[in-house]
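Reader: Could you walk me through this model, please?

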Amino acid sequence: MMKKRERMMKDLEEDIREHIETETQDNIARGMSPEEAHYAAIRKFGNVMRVEEDTRDVWSFIWLEQFWQDIRYAFRMLRKSRGFTAVAVLTLALAIGATTAIFSVVYGVLLQPLPYTDSNRIMSVFEVNSSGTWSRVADPNFDDFRDQSRSFQSIAKYHADIASVSGASEPTRTTVAAVSPGFLKVLGVQPILGRDFGAGDAKKGAGPTVLVSYGYWRQYLGSSRDLAQSHLKIDGGLFSIVGVLPAGFRFPADVDLWLPADLDGENPSRTSHNYSVVGRLRDGTTVQQANLDISAIARRIHDTSSEQGDYLLKDGIVVPLQDAITGKARSSLLLLLGAVGFLLLVACANVANLLLAQASVRERELAIRSALGAARGRLVRQYFTEAFLLALLGGSLGVLGAFWGLAGLVALAPENLPRLDSVSINIPVLVFALVLSTAVAAGLGAFIAARATSGELRKGLVEGGRGQASLQSSQRVGRVIVAAQIAITLVLVVGAGLFGRSLMKVLEVNPGFRVEKIVTMDVSLPWVDDPKAKAGQAIFFSNLIDRLKQIPGVREVGATSGLPLDGGLPDGMFLLMTQNEIPKTMDGFGPLLQQKERLGNADFCVATDGYFQVLGIPLIRGRIFNGRDGANSPHVAVISESLARERWPNQDPIGHTIEFGNMDGDLRLLTIVGIVGDTHEYGLDAPPRPTVYVNLFQRPHGAITLTMLSDADMRSVASAARGILQDLNPEMAAKFRTFSQVHSTSLGSRRFNVILIGFFGITALLLATAGVFGVMAYSVSRRTREIGVRVALGAAPGGILRMILGQGLRTIFIGVAIGITASLALTRTVQSLLFGVTATDPLTFGGVTLLLVGAALLACYIPARRATKVDPMVALRHE
Amino acid sequence: MSTKEQRERIELLQGTLDLLILRTLLRGPVHGHAIAKAIEFNSDDVLQVEQGSLYPALHRLIKRKWISVEEGTSENNRRAKFYKLTAEGRRQLAAETSKWDKMAGAIARILRPAEQEGE
């Protein structure tokens with residue numbers, strides 16, 4: 001094709017030469033002089049170049065050629081005005097980069113399908129309780145769901161916990177999931193080595209078996225292919241490894257080992273919500289059908305169960321697993337995406353204004369091109385090309401920035417953000433960046449092309465290149481843009497302000513405990529039923545605590561089953577009763593549970609006396625545990641202030657006895673001996689919950705966090721404690737943190753929002769300020785002559801200043817008014833994410849408005865000052 | 001050159017140049033300059049071809065395969081390109097001509113309805 005075209009063009013040149021030669025000959029024949037004849041021939045032929053070009057166009061992809069031409073020209077223009085190009089490209093890079101980075105998180109967490117076969121067919125099943133909240137599923141309820149529903153190909157329950165694991169290269173604290181048969185089938189996963197659990201593995205008393213994750217196999221089992229040789233000791237029990245799961249498969253999150261759930265035996269209670277449930281929909285079954293199915297079963301259970309009460313399910317619900325995993329993160333991430341979108345708008349507005357100023361500088365050039373016959377379409381295309389070039393440059397730079405910024409973003413992200421490991425700059429994210437850049441380019445191109453090639457163009461030439469013609473109208477457009485920028489920025493900064501104030505309010509909350517100088521140590525012993533084994537655990541912890549107290553710098557040591565701000569405590573219903581009322585059999589509890597006046601509801605926490613001292617939880621009345629509360633003396637409980645207030649209003653709870661054995665299997669009554677202060681166990685922004693504390697030495701518990709109040713630094717305490725643990729139980733692994741870290745992590749998601757939205761807000765503020773400055777400075781410089789005339793006619797500098805500032809202020813106030821209105825409408829939607837401030841918090845609105853007006857006024861003041869310095873003599877000679 | 005003469009010359013309607021070229025080539029292969037001359041001569045110098053514009057038109061017709069080009073020698077014994085009607089070009093010419101006749105007739109009827117009625 002190309003060759004043919006080249007030949008045709010060469011022939012054409014020859015042909016034209018021949019043509020002109022012939023015409024010249026004709027002219028000579030008519031009596032002209034040779035020179036005259038030649039020129040006449042050429043005149044008659046027309047512009048040779050033009051003819052050649054038109055002919056070439058016949059053969060070429062004309063659009064493409066002109067496109068290249070436009071691009072070359074655009075590059076030349078951008079190179080010529082380097083300052084403009086740099087500012088525009090960097091502004092776009094910042095905005096597109098930030099948007100791409102946030103989108104990559106949104107994509108990785110919310111949009112990207114889960115990495116399982118037909119992952120959209122995998123559902124989570126929940127119980128819905130009387131207050132409408134969703135909870136996990138009790139064993140008998142799961143059995144009914146499994147046996148009676150017709151919607152699932154396979155359905156399985158699972159439950160993850162941290163366990164001490166030894167037998168591999170080193171002891172570890174590993175997340176272990178107990179799963180029912182069919183679990184892998186639901187997720188569509190098969191072992192890459194070995195086998196799935198078989199029917200034989202599920203039976204109680206079978207030789208315990210375990211599946212391991214690919215990562216665990218690589219790291220701790222040396223990628224051994226001979227699985228028969230490997231055994232793991234998990235919470236004291238010996239397991240043979242039967243299979244290795246594929247790389248990347250870690251469901252539920254962070255799990256490295258999977259055991260058959262049936263080893264634990266069934267809990268017959270319909271109100272012990274111990275298991276999460278997943279199911280794979282049958283082909284052709286919709287989510288709605290599955291919901292009707294499960295809901296019907298759940299309601300039947302509700303209607304027929306003997307365990308009536310708040311903890312019994314009222315309904316059931318089926319939601320896609322992906323939604324169940326990411327549900328909590330959704331609103332926060334979409335909020336961030338919205339915020340960064342606003343930043344993008346502000347940035348685009350800035351670039352639009354830059355282009356506008358640039359266009360009026362180039363007015364004369366364009367007027368000339370237009371006069372020389374450039375079609376309007378061609379000029380429009382030129383503008384589009386330049387906008388595309390700017391946006392693509394900015395976009396590429398932005399994507400590079402996003403690569404770099406994403407690491408920081410992920411590091412900053414709260415720990416509880418699910419699926420963070422699937423966040424990356426991948427193909428869909430790059431496509432997004434490209435589409436985004438293209439959209440930005442199209443928007444900017446359309447805007448500037450419409451502005452620049454409108455009817456005012458030709459006047460540019462008439463005005464002798466002073467470019468005054470379209471000044472007024474482009475100034476007006478510029479001001480509209482700036483007002484819009486101010487409005488959007490105000491919304492963003494108000495949002496940042498509200499989230500910032502929320503975080504401050506959260507930090508002001510008195511948590512009810514001390515945070516500093518506490519080193520925590522997570523350990524776990526296996527769950528045991530046998531009273532003798534339990535006594536052994538109590539002795540182990542007692543020894544451990546005594547030894548830890550001797551670490552230099554450690555002042556006090558406590559232990560708890562649930563550190564505040566670290567995942568929460570189990571809750572349940574307790575019974576108010578006395579020693580004589582204890583029924584002989586479990587069935588005897590049934591009638592008691594029907595007596596509402598006996599029931600109470602609280603979190604269940606196992607702790608030691610030292611725990612209250614280390615955390616500084618104040619004793620309100622009575623006493624906390626002491627050395628006399630031995631395993632065989634009456635079991636005691638300490639309750640929180642809010643429980644005392646709610647359950648025993650106008651009464652003294654001390655001395656009452658309660659039955660709370662449903663939490664740990666020990667039916668001995670607990671005598672309330674003291675009341676302690678409330679703690680914000682579930683987060684500073686969540687209200688304290690009524691809590692019952694029992695004594696670790698009377699009611700041992702497997703998974704324990706030791707708390708050490710220490711003046712020494714964490715590392716030395718941790719290494720000393722590790723040595724002690726090694727000494728007492730070499731198979732036990734521990735995890736060390738400071739309580740400050742736990743505290744800080746609990747604020748992670750708020751901090752993430754504040755930092756990001758704050759960053760977007762500040763960036764938008766800077767951009768908007770720059771926008772105001774740009775428009776005002778430009779306006780002043782274009783009006784130099786007019787101002788000079790005014791000064792020459794006797795205008796005082798103060799008057800000039802007022803005139804310019806007044807003009808700026810009008811724009812600013814319009815922007816602020818729109819911004820406040822928009823904020824009032826938009827912040828309501830984030831009310832649920834705020835804490836301690838209303839969505840219309842006057843202080844935030846007022847402060848932000850002042851800040852914005854101040855910054856914008858300053859941006860006006862500098863050019864206005866310059867205007868007052870205009871020397872009329874110089875100004876009138878201007879241009 | 002008087003202004004009158006200029007006014008009497010008519011610029012070619014868009015697309016008609018192609019038709020005229022095809023018609024000119026009906027008599028046999030001709031080179032570029034001769035085509036321009038022929039059009040001017042045959043229209044009694046009323047139709048003014050800006051000679052250059054002939055070439056993009058010729059190439060357009062080549063691209064559509066209505067004409068072909070071959071080497072030859074011009075009347076003053078120079079090497080020149082001769083343009084030749086193809087079979088397809090011949091068919092096209094017939095079609096275009098009848099279309100043109102129809103259109104010209106129609107335009108004439110619109111422009112002079114009164115005369116026709118009056119006669």
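Reader: In what order do the elements of chain B run from the N terminus on?
Author: This is a predicted model, where local features need pLDDT of at least 70, side-chain atom pairs count only at pLDDT 80 or more, and totals for chains, interfaces and linings use all residues. Residues are numbered from 1 along each chain as its sequence is written, while chains are lettered from A and ligands numbered from 1 in the order in which they are written. Helices (H or I, at least four residues) and strands (E, at least two) are DSSP runs, numbered from the N terminus, and chain B has 6 helices and 5 strands. Their order in chain B is α-β-α-β-α-β-α-β-β-α-α.

Reader: Thanks! Which element of chain B has the lowest mean pLDDT?
Author: pLDDT is the predictor's confidence in each residue, from 0 to 100, and its mean over chain B is 76. Helix H5 (residues 87-111) of chain B has the highest mean among the elements, 86. The lowest, 44, belongs to helix H1 (residues 3-8) of chain B.

Reader: And what share of the residues in chain B is buried?
Author: A residue counts as buried if 20 or more other C-beta atoms, placed from the backbone, lie within 10 Å of its own. Chain B has 119 residues, and the buried share is 25%.

Reader: Finally, which residue follows H2(A)?
Author: Happy to end there: helix H2 (residues 34-45) of chain A has 12 residues and reaches 16 Å from its first C-alpha to its last. After H2(A) comes a residue with a positive phi, near 100 degrees: Gly46(A).

Definitions and conventions:
Buried ≥ 20, exposed ≤ 12 C-beta atoms within 10 Å, placed from the backbone. Expected span 1.5 Å × (residues − 1).
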